Amino acid sequence: MLVTKLILIGVVFLLGFYFSIRLIRRGLSKKYEPKSPTPWNALTEGIDPTVGDEK
C-alpha cells in the first residue's frame, strides 16, 4: 500500500515536471511580443482607422 502511494506521488510529480518543461520550451513570452503595425492597431490610441484624412 505504501509503495503504491509513493509510485502515485512520483508519477504526479514527474507529470508536473514534464508539463512545466514543455511550457518553458514553448516560450510563453511570445504571447507578449508586440504585434506588427496595422491600421487597426491605431484603435488602441483612440484613432478610427475607417475614417480617412479628409482635408
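**Close-up views of a predicted model**

**View 1. Helix α1 along its length.** Helix α1 has 25 residues and spans 36 Å from its first C-alpha to its last, close to the 36 Å expected at 1.5 Å a residue (the expected span is 1.5 Å times one less than the number of residues). The model is predicted: local features need pLDDT of at least 70 and side-chain atom pairs pLDDT 80 or more, whereas totals for chains, interfaces and linings use all residues. Residues are numbered from 1 along each chain as its sequence is written, and side-chain values use heavy atoms, without hydrogens and water. The number of buried residues in α1 is zero, so the helix lies largely in the open (buried is under 20% relative accessible area, exposed over 50%, partly exposed in between; 1.4 Å probe, protein chains only).

**View 2. The nonpolar surface patch.** V3, I7, V11, L15, Y18 and F19 form this patch, with about 590 Å² of accessible area together (Shrake-Rupley method, 1.4 Å probe, only the protein chains shown counting as cover for residues). Patch residues have over 30% relative accessible area and no salt bridge, and nonpolar side chains are joined within 5 Å (a salt bridge is a Lys or Arg side-chain nitrogen within 4 Å of an Asp or Glu carboxyl oxygen).

**View 3. The aromatic pair.** The count of aromatic pairs is one (ring centres within 6.5 Å; planes under 30 degrees apart are stacked, over 60 edge-to-face, the rest tilted). The ring centres of Y18 and F19 lie 5.3 Å apart with planes at 65°, so the pair is edge-to-face. Y18 is partly exposed, at 45% relative accessible area. F19 lies in α1 and is partly exposed, at 45%.

Definitions and conventions. Patch = residues over 30% accessible without salt bridge, like charges linked within 9 Å, V, L, I, M, F, W, Y side chains within 5 Å. Helix = DSSP H or I, 4+ residues; strand = E, 2+ residues; numbered from the N terminus. Phe/Tyr/Trp six-rings, centres within 6.5 Å; stacked < 30°, edge-to-face > 60°.
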